[in-house]
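Visitor: Could you take me closely through one part of this model, the surroundings of the ligand, and then through the packing of the nonpolar side chains?

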Amino acid sequence: MTYSQEKSGEQPNTYFVQDRSNEQELERLRIQDKMVTAGMGGVLPEQSDPARFHRVLDVGCGTGGWLIEMAQTYPNLKRLVGVGISKNMLDYARGQAVELQLGERVEFQVMDALRMLEFPNASFDLLNQRFGMSYLRTWEWPKLLSEFRRVLRPGGIARLTEGDIMIESSSSASLKLAQLLQQAFYQSGHFFTPEPDGVSSQLVRLLSQYGFKDVQMQVYELHYRAETPEGRDFIEDAKRGSRTLAPFIRKWVGVVEDYEELYQQMLVEIQQADFVATLKLLSAWGTKM
Ligand SMILES: C[S@@+](CC[C@H](N)C(=O)[O-])C[C@H]1O[C@@H](n2cnc3c(N)ncnc32)[C@H](O)[C@@H]1O
């Protein structure tokens, strides 16, 4: 246990940033959420009939941006609930919802999804999880997916979105840092294979194997260029991520002697006028019968 966990009485957790009140990580997730939702083309770009959803649960909801945008995009949604383990992030998310006058429909609850989802059976029509690979180890998926099935109503949809480790960028230092992150994900048991798509490649299989029907998937490629608003968000995300994820990399890969050098090189490279990078995401969804 770290000193801050002992002080706050918090149990250690499996999230890749241990300190649940880390402000840098909150800010990174706020930026990343905006950048990913926009890059994918909205909150539910691949779903043919979103109007059929009335009650939505977002598991590991971060700063709540996806859920809040859902509420704004689909006024027919009656109840939107976000759960996560960071009280700090959920307080921020709640504040945003209230400010936007969505407090009556949108709620946020502190909950450890690895223990259980504290809702009665058949409570939701849509269950969303984006970037669960940040806290789920391979052996934790079966229990979580069985909880997803339990809280979904028959005919409800579970939708999972995961990203690949970046393999295309004009910044060689970014690619080296991304490789270190991939190694840490694999060594820590978060990735099923030591490949850049170590979780995303498994989503269709996981949903099919653990009881979902009509499983489908969609791949998204997000392109970033210097001097565009999206490119600037990408840079901010990369800068913060290289800091907040450094202890996770050190824990699972070991001390990387030239980490600081790589970080400084990345800062220079990603600010170049010709900087480009591509991120690949995959959404998979299936129906609870
Ligand atoms: C990488 S963030 C993704 C946030 C959001 N889904 C998004 O896409 O912007 C993962 C989130 O899961 C939360 N988390 C970590 N461990 C968790 C657990 N055991 N149960 C529920 N949420 C958890 C973290 O606090 C963080 O907010």
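Guide: What follows treats the ligand site and then the nonpolar cores. This is a predicted model, in which local features need pLDDT of at least 70 and side-chain atom pairs count only at pLDDT 80 or more, whereas totals for chains, interfaces and linings use all residues. Residues are numbered from 1 along each chain as its sequence is written, and side-chain values use heavy atoms, with hydrogens and water left out.

The ligand is surrounded by 18 residues, the closest being Gly60, Gly62, Asp112, Ala113 and Arg130, where a residue counts as near if one of its heavy atoms lies within 4 Å. By class, this shell holds 10 nonpolar, five polar and three charged residues, with Gly counted as polar. Among the polar contacts (pairs of N or O atoms within 3.5 Å), an N or O atom in the side chain of Asp112 lies 2.8 Å from a ligand nitrogen, a polar backbone atom of Ile85 is 3.5 Å from a ligand nitrogen, and a backbone N or O atom of Gly62 is 3.3 Å from a ligand oxygen. Taken alone, the ligand exposes 590 Å², of which the protein buries 97%, as computed by the Shrake-Rupley method with a 1.4 Å probe.

Turning to the packing, the largest nonpolar core has 70 residues, and Leu117 is one of those with the most contacts inside it; such a core joins buried residues (under 20% relative accessible area) through side-chain atoms within 4.5 Å. Helix H6, residues 172–187, supplies the largest share of this core, seven residues. A second, separate core of 22 residues includes Phe53 and Tyr74.

How values were computed: Polar contact = N/O pair within 3.5 Å; in protein donor to acceptor, adjacent residues only side chain to side chain. Buried < 20%, exposed > 50% of the residue type's maximum accessible area, 1.4 Å probe, protein only. Helix = DSSP H or I, 4+ residues; strand = E, 2+ residues; numbered from the N terminus.
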